[in-house]
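I opened the notebook on a new model today.

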Amino acid sequence: MSARKKTTYVATAPDGTEHTRTSHRAYTHAVLVYGPSWRNPEPHWGCVSFNGREELARKEARRWEGRFEKVIVVPVSPR
């Protein structure tokens, strides 16, 4: 049994902010949301999930629609 190396994945928002996750799992897409949060009343981009398949990311994105001003699915890149 071989141990899989941890990889850091980066999802980039439209304003250039980067959201990262380090994991043994492989990710292809992330769900980003734009709007205020309970921590910060100023609208900003946040990441609600990293997903291993695009269709799973799109399904997750539908759960967040209506809660934020914008909900998008973006590809992630390994760093």
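**Entry 1: a buried serine**

I began with S49. S49 touches H29, A30, V31 and E60, leaving out residues up to four places away in sequence; contact here means heavy atoms within 4.5 Å. S49 sits in strand β4. Strands (E, at least two residues) and helices (H or I, at least four) are DSSP runs, numbered from the N terminus. Is S49 buried or exposed? I found S49 buried, at 12% relative accessibility. The classes are buried under 20% relative accessible area, exposed over 50% and partly exposed in between, with a 1.4 Å probe and protein chains only. The S49 side chain also makes a polar contact of 3.0 Å with the side chain of N51. A polar contact is a pair of N or O atoms within 3.5 Å; within protein, one must be able to donate a hydrogen and the other to accept it, and residues adjacent in sequence count only if both atoms are side-chain atoms.

**Entry 2: ground rules**

I noted that the model is predicted, that local features need pLDDT of at least 70 and side-chain atom pairs pLDDT 80 or more, while totals for chains, interfaces and linings use all residues. Residues are numbered from 1 along each chain as its sequence is written, and side-chain values use heavy atoms, with hydrogens and water left out.

**Entry 3: the whole chain**

I looked up the fold next. The chain has one helix and six strands. In sequence order the pattern is β-β-β-β-α-β-β. The C-alpha trace spans about 45 × 20 × 20 Å along its principal axes. Of the 79 residues, 32% are buried. I then checked contacts with a separation of 6 or more: 51% of them join residues 24 or more positions apart. The accessible surface is about 5600 Å², and carbon and sulfur atoms hold 49% of that. This area comes from the Shrake-Rupley method with a 1.4 Å probe.

**Entry 4: charges**

How many positive and negative side chains does the chain have? I got 14 positive and 8 negative, with the centres of the two sets 10 Å apart. Lys and Arg count as positive, Asp and Glu as negative; His and the chain ends are not counted. Each charge is placed at NZ of Lys, CZ of Arg, CG of Asp or CD of Glu.

**Entry 5: salt bridges**

Side chains of opposite charge can pair when their charged atoms come close. I used the rule of a Lys or Arg side-chain nitrogen within 4 Å of an Asp or Glu carboxyl oxygen. The count is four salt bridges. I wrote up three of them, among them R79 with E18, whose closest N and O atoms are 2.5 Å apart. R79 lies in the segment after β6 (77-78) and E18 in strand β2 (residues 18-23), so this pair ties together parts 61 residues apart in sequence. R79 is exposed at 59%, and E18 is partly exposed at 48%.

E55 pairs with R53 at 2.6 Å between the closest N and O atoms. E55 is partly exposed at 48%. R53 is partly exposed too, at 45%.

E54 pairs with R58, with closest N and O atoms 2.9 Å apart. Both lie in helix α1 (residues 54-64), four residues apart, about one turn of the helix. E54 is partly exposed at 34%, and R58 is partly exposed at 40%.

**Entry 6: a buried glutamate**

I turned to E60, also in helix α1. E60 is buried, with a relative accessible area of 15%. Which side chain does E60 join by a polar contact? I found W64, at 2.8 Å. Beyond neighbours within four places in sequence, E60 is in contact with V31 and S49.

F50 belongs to strand β4 (residues 44-51) and is buried at 9%. With residues up to four places away set aside, F50 touches several others, including Y9, H19, Y27 and V76.

V33 lies in strand β3 (residues 29-35). V33 is buried at 4%. The C-alpha atoms of V33 and C47 are separated by 6.2 Å.
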